[in-house]
Amino acid sequence: MRRLFVALILLATPCLSAPRAGVGGVIRMGYGGVLLRAGIPFDYLTTAEQCDPKVLARYDVILQAGMAYDRERWRSDAEAALDQYVRAGGKLICEMDVRLPGAMGKWKLDGRWSYPKRVDRNFALVPTPDRPRFAAGLKAGKVWECGGPISVVRGLPPQARTLARFVEGPARDQPAAVALDYGRGRLIFMAPLLSYVQGNWRGVYDDLILAAVTDLTDGRLRRVWATEAGDTVTPPEPAAPEAAELPGLTLVGSPGEGGYAVRIPVPPATARRRLVLDRGEDRIDTTLTADRLTEGGRELKLPAGRELVILRTASRLNVLLDGRGLVSLPRRGPAGPLYADSADGLTFQPLESLYFADDFTKEGPLTDPWRAPRGEWLCGGPHRLDSAVPGFAVRAWSGSARTGSWFWTEQTLSVAVQPRSAQAVRLELGRWDDANRLEAWVPVDRGGGALVLWRGGQRQVLAEGLPALPRLQWSRVALSARDGRASLSVDGQTRSVPLATPLAGGIALDAQQGDALFDDVEVSDGDDATRAARAVHPARFDKGPEGLLDRDTWAHPAACWLPVSANRFEYVGRLVGDFTLTLPVREAGGGSRLTVGAQRDGKPDVYGDWDASKLAGGGGVQISRRAGEMTVRRFGDGRDERRVFPASGSVRPWVEVSGLSLAAGDLDVKAADVLEYIADQAPADFWATEGDWTVGSRWPCTPEYAWMIGSSPGWAALWTKHAYDGPQTVWTYLGVRMQGAYATEEGEPFKRLRVTLGGNGRDPLSGYVVELGSDVQGFCRLYRYERPHRKREDWQHRPPVVATAARDLANQREVHNMWGSLRIDRDGPRIRVWYQNQPLLDYTDPKPLPGGQVALWTERNAVVTPYFAVFGAASAKPREMPRDLQKQRLDQDRGHRSRPGFNPLPATHALERMLPWLARLGQRMGEEA
């Protein structure tokens with residue numbers, strides 16, 4: 001029976017091409033993250049595949065993570081298969097939980113220590129002249145910290161080579177890495193548990209593992225992505241005064257991308273200052289005195305004030321006195337440099353496209369640059385005690401918080417807001433002081449609200465009847481002052497009115513008569529209402545060891561590129577709108593080539609095939625699509641070539657390299673029609689219609705990381721606010737939460753993890769439903785609902801199944817740690833599903849259903865996701881959550897408390913109100929100590 005079962009598994013999951021690296025074991029995601037960051041193609045091996053020597057023989061090298069000692073029933077079969085694989089010529093990297101019966105039969109492994117409170121048993125490389133490739137892949141004198149359990153190796157055979165030793169702690173001078181030739185193959189044994197979260201998930205062992213891979217494969221299996229230097233981006237510094245280009249004048253500064261702001265103290269009664277803006281024919285030569293500003297034959301009389309601010313953007317010149325707008329003039333060209341008769345007392349600040357951002361990845365009370373003159377403010381999100389993570393939001397109880405006075409103009413304040421008990425939320429822009437600001441007062445769950453301009457303490461109502469905020473739902477709110485208009489947008493519903501006076505100043509947030517959550521605060525000179533091309537999977541998603549996320553698969557830009565072969569990488573999503581792909585080439589040897597193309601509507605397109613050596617040294621390739629027209633630009637060897645040709649439809653880019661290394665971060669993709677969510681952000685693009693949805697830790701033993709968790713003893717559903725028609729790709733990673741002492745009768749079931757496509761936004765049993773881990777036969781199922789299924793209690797008894805895939809499901813120990821990579825493609829009537837980057841389902845519907853919204857949902861479970869993305873053409877405006885559904889949600893929240901095991905609320909509202917007071921008390925006690 002076992003042989004028949006394995007054969008069926010292999011038929012169900014054919015390889016796209018002969019893979020070269022396989023990753024097995026239980027806690028194996030760390031190894032997968034290392035290979036992905038290096039751009040090395042690999043497969044995760046299923047339990048059945050790890051026990052079959054014929055399957056193992058496909059791979060050039062296998063990385064076998066620990067197998068949890070004797071808790072896995074299949075462990076002995078896997079170890080026997082691995083022993084046969086190595087003896088026949090295979091290459092293996094294994095760690096402390098692996099015992100090969102032949103190769104390691106006479107080894108004595110003991111000395112397992114518990115996790116230390118402090119790192120006290122580092123290990124270092126031992127000089128090994130007979131292993132030059134291993135040594136070449138490591139930095140001289142490198143020491144690795146061992147943060148997990150270890151094994152001490154005794155009784156090594158004479159032919160074994162010690163590659164690294166522990167240098168401190170109770171295992172000092174004992175082998176930490178051992179190399180052994182066995183039969184016709186070779187293996188490297190690592191005594192520490194490197195694949196666990198204390199290891200590679202933080203990226204600290206990447207070079208060690210890659211050196212071992214390089215050594216075992218004689219350099220044939222190498223990293224494709226080059227090591228990145230990690231550029232540091234710092235805000236521009238004010239330009240230092242230098243020699244004048246105009247007689248008698250000093251260059252105060254040159255503009256940045258968005259222009260500049262200059263602060264000028266008003267001269268005394270008898271003094272004057274000369275300023276020159278924008279050289280050339282469009283220059284403005286002004287003289288400033290205590291009561292007037294003169295330019296040529298024009299004169300502006302100034303009221304009494306202390307400080308004049310000139311705001312120069314690409315299209316306007318604004319003049320303000322003590323925060324009050326005096327004049328706003330259109331300008332034809334971009335901003336030029338600023339000159340003055342003296343730089344004394346002047347403050348010059350270049351403007352950037354993004355002036356300020358705060359995602360509140362900290363804990364405790366608000367700190368600089370915020371000031372909270374009233375109310376209680378605490379970073380930590382809605383369920384702060386749910387895990388030890390800092391949280392991803394700031395919570396305010398009937399309070400306001402404001403920043404200092406920066407001198408921005410043409411700005412947009414964008415913030416994610418979730419009202420809880422608050423009756424209204426207030427945002428302020430251009431806040432110079434209490435008497436000068438633009439204010440939006442937005443009610444919660446009811447009509448009303450107002451957009452108000454304050455000037456010199458006088459209140460002017462610009463608009464009334466603003467869009468309302470839904471309670472207990474995240475919304476994206478944008479307040480802007482641009483191009484002579486003031487606008488407020490709530491989830492795409494926009495109210496815009498004329499604004500005659502310019503603004504300058506800081507921002508403020510305010511929760512009124514209750515508490516609210518704020519997150520992802522950004523101030524920029526961009527228009528938040530436009531769907532411009534933006535970075536996809538940017539480098540900021542990699543938070544590193546001190547952030548909210550680990551560095552595994554989803555946290556690195558390389559995750560967007562699937563290695564389908566050693567030299568070819570395909571983009572994970574289908575791009576349906578405008579996009580730009582930039583590929584700089586820094587270094588390339590002779591004969592190296594770069595080929596870029598795309599699959600367009602099922603047909604291959606080749607955009608270009610270049611000699612990479614002619615693109616190096618600051619050159620490269622940029623491919624962009626705008627309004628259905630594709631532009632290919634080639635940089636290098638002193639030339640800039642451009643080709644333009646029509647292009648439409650959905651495309652999936654691919655890159656092929658030969659004799660060339662690329663850094664994953666270099667493959668910069670910007671696209672318009674992509675929705676990305678990662679758990680350090682507020683889910684403002686989604687509705688939570690059922691169940692408990694919050695950011696928390698998956699495992700109590702690793703509370704330093706956090707993911708989005710949806711849980712319920714019934715149903716838990718999270719819907720996109722946008723609907724999608726046409727081709728689309730859904731890409732996510734799914735796991736289940738560790739229930740701990742509150743475990744259900746099923747423990748941690750990798751079941752009922754579902755994604756709905758083309759749904760109606762309220763009933764998950766509408767449209768197409770892809771399910772991982774079914775209660776009935778079949779690991780993966782595709783359901784088709786021509787109309788919503790009203791009787792939830794018996795839907796599994798009469799499921800409209802249209803496709804089923806059988807696959808070896810991970811055992812309980814693997815489920816505890818694994819993340820399932822799920823990718824769904826829909827193109828007209830055809831739906832394809834990949835699991836762990838291997839094809840799983842392919843179904844063509846003879847009567848395809850229309851488009852609709854996308855949902856992530858589960859039943860009687862707790863689904864965890866670190867990343868969720870939808871590639872496709874979204875509807876022009878988000879849909880509003882139906883009022884009856886919102887009312888049901890509020891009634892559910894008021895009368896429901898999750899039963900133990902399903903995300904219990906950590907504290908009462910009264911206790912949460914005490915947390916800021918406790919934080920201040922602790923700070924005071926620390927200062928006294």
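Predicted model: local features only at pLDDT ≥ 70, side-chain atom pairs only at ≥ 80, totals over all residues.
User: What makes E295 and R298 a salt bridge?

Analyst: The closest N and O atoms of R298 and E295 are 2.4 Å apart. The cut-off is 4 Å between a side-chain nitrogen of Lys or Arg and a carboxyl oxygen of Asp or Glu, so the pair counts.

User: And R298, buried or exposed?

Analyst: R298 sits at 58%. Exposed means over 50%, so R298 is exposed.

User: How do you know which label D775 and R752 get for accessibility?

Analyst: R752 is at 0%, so it's buried. D775 is at 32%, between the 20% and 50% limits, so it's called partly exposed.

User: What makes D775 and R752 a salt bridge?

Analyst: Their closest N and O atoms are 2.6 Å apart, and the limit is 4 Å, so the pair qualifies. It links distant parts of the chain, 23 residues apart: D775 lies in the loop between β52 and β53, and R752 in the loop between β50 and β51.

User: What about D83 and R87, how far apart are they in helix α5?

Analyst: D83 and R87 are four residues apart in α5, so about one helical turn separates them. An α-helix has 3.6 residues a turn, so residues three or four places apart point the same way. D83 and R87 form a salt bridge, with the closest N and O atoms 2.7 Å apart. D83 is buried at 4%, while R87 is partly exposed at 41%.

User: How do you know what span to expect for α5?

Analyst: You take 1.5 Å times one less than the number of residues. Helix α5 has 13 residues, so 18 Å is expected, and the helix reaches 18 Å from its first C-alpha to its last.

User: Which elements do the buried residues of α5 pack against?

Analyst: Among them are α3, α4, β3 and β4. The buried residues of α5 include A78, L82 and Y85.

Notes:
Residues numbered from 1 in each chain as written. Heavy atoms only, no water. Helix = DSSP H or I, 4+ residues; strand = E, 2+ residues; numbered from the N terminus. Buried < 20%, exposed > 50% of the residue type's maximum accessible area, 1.4 Å probe, protein only. Contact = heavy atoms within 4.5 Å.
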